[in-house]
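Please read these notes beside the model.

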Amino acid sequence: METGTILFKTEKVTDRITRIYGIAGELMYLAEGDGKAALIDTDVGVGNLRELVRSLTKKDVYVLLSHGHVDHALGAGVFEQVYMSLLDENVYRENSQISHREAFLNASVPDWRRRVYPGAFVEKLVNCFHPLEDGQRFVLGGLTIEAAALAGHTSGFMTFLFEKERVLLFGDACNSYTYLFDHNSASVSEYRENLMSFQERVYGRYDRGLVSHGTGNAAEGLLESAILLTEDILNGNAEDVPFEFMGEKAYIARRVDAHLKRLDGGAANIVYAKNKMRSLR
């Protein structure tokens, strides 16, 4: 759907779940129950996402933010009933400036200014979030979503389990290229502990995983692969490919091809900072 010069691409994941592509390739998910709907994440805040959602469902919509980063939360201000972990509120505020969004797009989509019309940025911010808590469930009618915390990428990160569909949305919490290097992320050792607890919690509860970038489809064995990789990093067995994004410098644990896929065929990859290896606890 085109709004101004912004193109939102959509595709069906299941009968009840629609994937929405944002301008920088970030992915959102709209889940529709018999009574209500839920939109998970809201992209960079460019274009009229609210109009798109209204074209897809006429039901009242909960907005559930996985975390506060610029490419997932900044379109939320035009919606009501916005839920996010309050642990990520500082991340959201840090990422909210138009200048920060422009810097992100400069780094991610070099030609974005040719696609974005004047005034396309959503300037309205969420003043007060509904708290999104670990284990909180949203009953939409024939479809229930459970929020499940997986801190690491940010301290308040939430994944989402679509119970009846047996689908788990990892988002950015665990994927083929997880960022774990800025001041809001956990240490590698703390992330490893969180992954292991999370693995026990969701074991046997899902058959399919989704992520929030790329194709949107999580590789089989993603969670197990991430745990093994954190062990390699902590044991000094990472390949440490230099990495830089928006002025931040870090290391990629395993070498990748031009499509950011691991050359050794592994499912998970982690971009991490040497000064955030082990927790100070």
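1. The charged end of Lys274 sits over the ring of Tyr251, at 5.2 Å from the ring centre. Lys9 does likewise with Tyr21, its charged end lying over the ring at 5.0 Å from the centre. The criterion: NZ of Lys or CZ of Arg within 6 Å of the ring centre and within 35 degrees of the ring normal.

2. Basis. This is a predicted model, where local features need pLDDT of at least 70, side-chain atom pairs count only at pLDDT 80 or more, and totals for chains, interfaces and linings use all residues. Residues are numbered from 1 along each chain as its sequence is written, and side-chain values use heavy atoms, with hydrogens and water left out.

3. Aromatic pairs. Rings of Phe, Tyr and Trp (its six-membered ring) pair if their centres lie within 6.5 Å; planes under 30 degrees apart are stacked, over 60 edge-to-face, and the rest tilted. Cut-offs: buried is under 20% relative accessible area, exposed over 50%, partly exposed in between (1.4 Å probe, protein chains only).

4. Ring cluster. Which residues do ring pairs link into a cluster? They are Phe104, Tyr177, Tyr179, Phe181, Phe243 and Phe245.

5. Helix α1. This helix spans residues 49-56, and Leu49, Arg50, Leu52 and Val53 in it are buried. These residues lie on the same side of α1, because they cover an arc of only 160° around the axis. The arc is that of the directions from the helix axis to the C-beta atoms. An α-helix has 3.6 residues a turn, so residues three or four places apart point the same way. What do the buried residues of α1 pack against? The partners are β3 (9-12), β4 (17-21), β5 (27-32), β6 (37-40) and β7 (61-64). Contact here means heavy atoms within 4.5 Å.

6. Hairpin. β3 and β4 form a hairpin, with 4 residues between them. The strands pair in the antiparallel sense over 4 bridges. Pairing requires that DSSP finds at least two bridges between two strands. Lys12 stands opposite Thr18 in β4.

7. Positive phi. Most residues other than glycine have a negative phi, and most peptide bonds are trans. Two residues deserve a check against that. Asp43, not a glycine, has a positive phi of about 55°. Asp43 lies in the loop between β6 and α1 and is buried, with 1% relative accessible area. Gln81 has a positive phi near 55°. Gln81 belongs to the loop between α2 (70-73) and β8 (82-84) and is partly exposed, at 30%.

8. Overall fold. The protein has 7 helices and 18 strands. Helices (H or I, at least four residues) and strands (E, at least two) are DSSP runs, numbered from the N terminus. The radius of gyration is 18 Å, close to the 19 Å that the globule rule gives for 281 residues, so the protein is as compact as a globular protein of that length. The radius is taken over C-alpha atoms; the rule is 2.2 Å times the number of residues to the power 0.38. Along the principal axes, the C-alpha atoms fill a box of roughly 50 × 45 × 35 Å. Buried residues make up 53% of the 281 residues. Of the contacts between residues at least 6 apart in sequence, 62% join residues at least 24 apart.
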